[in-house]
Every structure is written in C-alpha cells, then in structure tokens.
Amino acid sequence: MPAKATRESFGETILEVAEKDSRLVVLDADLSKSTMTQAFMNQYPERHIEMGIAEQNMIGVAAGLALSGKIPVLTSFACFLIGRLENVRICAAYNKTNMKLVGTHAGIGIGEDGTSQMGLEDVAAMRALPGMVVLQPADHEETKQAVRWMIQHNGPVYLRLTRQKMAALHGPDYKWGFNKIDVVFEPAKKPAKYLATIIASGGPVPHAVEAAQQLYKKGFAVRVANASTLSPFDGSAIARFAKDSQRLVTVEDHNVNGGLGSAVCEAACEHGASVPVVRLGLREFGESATPEQLYEKYGLTAPAIAEAC
C-alpha cells in the first residue's frame with residue numbers, strides 16, 4: 001500500500017463508519033480541508049457542523065450532542081485543541097462525555113507551517129486528564145482499526161494524527177489491540193540480550209524501524225515496539241522489554257516531558273526495572289523547515305536513533 005497520512009486514513013474511515021451508525025456527527029473549526037472531513041461534509045451535510053474558528057464553542061456543542069445520544073467527532077489541529085484544555089477538562093474528561101477529539105498536524109512533522117501550528121505538548125496534557133484515552137496510530141491499517149474502536153468506545157478519546165504520509169507497517173491481517181504495545185521489528189534470531197529496545201509512537205516509527213535494520217546489518221540486535229495507546233499505557237510490555245534489553249530508547253514527535261518518554265520512564269519505575277532510558281524527542285519549540293530537515297535537526301531520523309541505541 002502506498003504511504004498515506006493518518007489524517008487521510010481517519011477521513012476515509014469515519015465515512016465508512018457513518019454509513020452504518022447514524023449517531024456519528026462531525027464538527028469542524030474551519031479546517032475541514034486539512035482535517036480530511038470534507039468528504040464526510042459532502043456526503044452527510046446534515047450530520048456535519050461547521051463551527052468556524054471557535055474551538056471552545058465546538059467542544060461545548062460536542063458535549064451537548066454526546067449527552068443527547070450522538071457520537072460527536074470534533075476535529076482541529078492538535079495545537080488548537082490543546083489550547084482549549086480547560087474546556088476539554090470539564091466538558092470531556094470530568095463529565096466522562098462520549099466525545100471524540102481528533103488532533104491532526106501533530107508535531108514537527110507538519111514542516112513549514114512552523115511552531116504556532118505544531119502540537120508538541122498535547123499528549124502530555126491529555127494524558128494528565130483522568131479517563132481520557134490517548135491514541136496515536138502509525139499507519140493506515142492501524143488508524144482504521146483505532147478509529148473504529150474509538151467510535152465504539154463509550155467515553156472521551158483523543159486521537160493524534162499526522163500531516164505527513166506514513167509508510168505501511170502492518171498488513172491487512174493485522175489485529176490492533178487497545179493498550180497493547182506491538183513489536184514491529186525484531187531480528188530473526190532472538191538474542192540473549194538486545195542492545196536496545198526502541199519504543200516509538202506516531203511519525204518517527206518508520207525511522208525507528210530503519211534504524212534497527214541498519215544496526216542489524218552491523219551485527220547489533222535491536223527490537224522496535226510501536227506504542228499506539230499512550231493513555232492508558234501498557235506498562236507490562238515495558239517491564240518485559242527491560243528484562244532482556246541493555247537500554248530502552250523512546251522516540252516521539254512531541255516534547256519528551258509528559259509524552260511517550262515520560263510514560264516509559266514511569267512504567268519502568270513502577271515495575272521495578274533497572275535499565276537506562278534514552279529519550280529522543282523535543283525539548284524546545286520547533287521551527288519552520290521541511291519535515292525532513294526538522295527530523296534531522298531534532299534527532300528523529302534513523303541515523304540519530306541508531307546512535308542513541
């Protein structure tokens with residue numbers, strides 16, 4: 001399958017789900033072209049609400065729809081949703097409302113749009129909200145299954161999606177599991193001890209796989225795990241990885257504080273693992289450049305990940 005942005009996969013999947021579930025309603029904040037919900041708007045105009053540049057109002061309206069028995073899916077850039085955290089906290093998390101928040105254009109992978117458009121703290125904020133499920137699929141097949149699960153799940157969910165196209169990691173036989181970290185690469189012959197286990201999420205996952213493949217050619221055994229559920233978090237998997245790895249390396253297109261890196265460190269400590277953790281991600285604001293240039297500058301490319309291992 002050709003590479004596809006996870007926002008595109010999301011747009012396709014909600015169209016498929018809407019055909020069978022009339023409760024599904026989509027809300028936009030003047031970004032339907034970017035969030036890939038225009039096709040839904042065209043096909044189901046009576047179930048699409050264009051709120052304009054009014055994210056706070058969109059969150060409140062979505063809460064009302066959810067409490068009326070609808071399944072509202074509200075979409076915007078990740079950075080704009082997290083800018084309305086107070087509303088998300090009360091309307092979605094505190095009231096355990098069955099609303100689905102979809103943040104596209106996550107991380108520095110959006111490229112030239114620059115810092116003001118980059119969601120780099122959204123995972124940390126959403127993970128801090130009790131009861132908020134946080135999902136970040138890494139390819140088309142995983143996104144499709146995560147979106148279908150999200151619509152069926154009763155409760156608030158935050159779905160984080162890429163602007164950049166993502167290479168296929170999973171085949172059509174793949175079965176996504178909620179709160180399950182899955183291994184996407186490991187050497188054919190399992191070593192007694194891995195040089196490292198890389199835990200990646202979202203945009204950098206293909207780079208992590210490439211790094212492990214490069215190291216394998218040089219005689220180093222590295223495993224790559226994909227964390228698509230960031231809250232709750234599969235701490236038992238981290239404990240297993242820590243037992244047979246010299247180190248854990250986390251890779252995320254997000255600030256390392258409060259994101260995947262923090263989740264792995266928390267899980268390792270809670271399970272009594274005594275293994276060093278190397279965290280790759282953002283420790284500052286992003287800049288305006290091509291996605292490739294930004295991934296290179298901030299150490300999210302395959303060579304940088306291999307060096308961290």
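I start with a side-chain pair: Ser228 and Glu142 are joined by a polar contact of 3.4 Å. A polar contact here is a pair of N or O atoms within 3.5 Å; within protein, one must be able to donate a hydrogen and the other to accept it, and residues adjacent in sequence count only if both atoms are side-chain atoms. Keep in mind that this is a predicted model: local features need pLDDT of at least 70, side-chain atom pairs count only at pLDDT 80 or more, and totals for chains, interfaces and linings use all residues. Residues are numbered from 1 along each chain as its sequence is written, and side-chain values use heavy atoms, with hydrogens and water left out.

Ser228 sits in the loop between strand E11 (222-226) and strand E12 (229-231). Helices (H or I, at least four residues) and strands (E, at least two) are DSSP runs, numbered from the N terminus.

Is Ser228 buried or exposed? Ser228 has a relative accessible area of 2%, so it is buried; buried means under 20%, exposed over 50%, partly exposed in between, with a 1.4 Å probe and protein chains only. Not counting residues up to four places away in sequence, Ser228 touches Val134, Leu135, Gln136, Pro137, Glu142 and Trp176, where contact means heavy atoms within 4.5 Å.

Next, Leu280, in strand E14 (residues 277-282). Leu280 is also buried, at 15% relative accessibility. From Leu280 to Gly261 is 19 residues in sequence and 7.6 Å in space, C-alpha to C-alpha.
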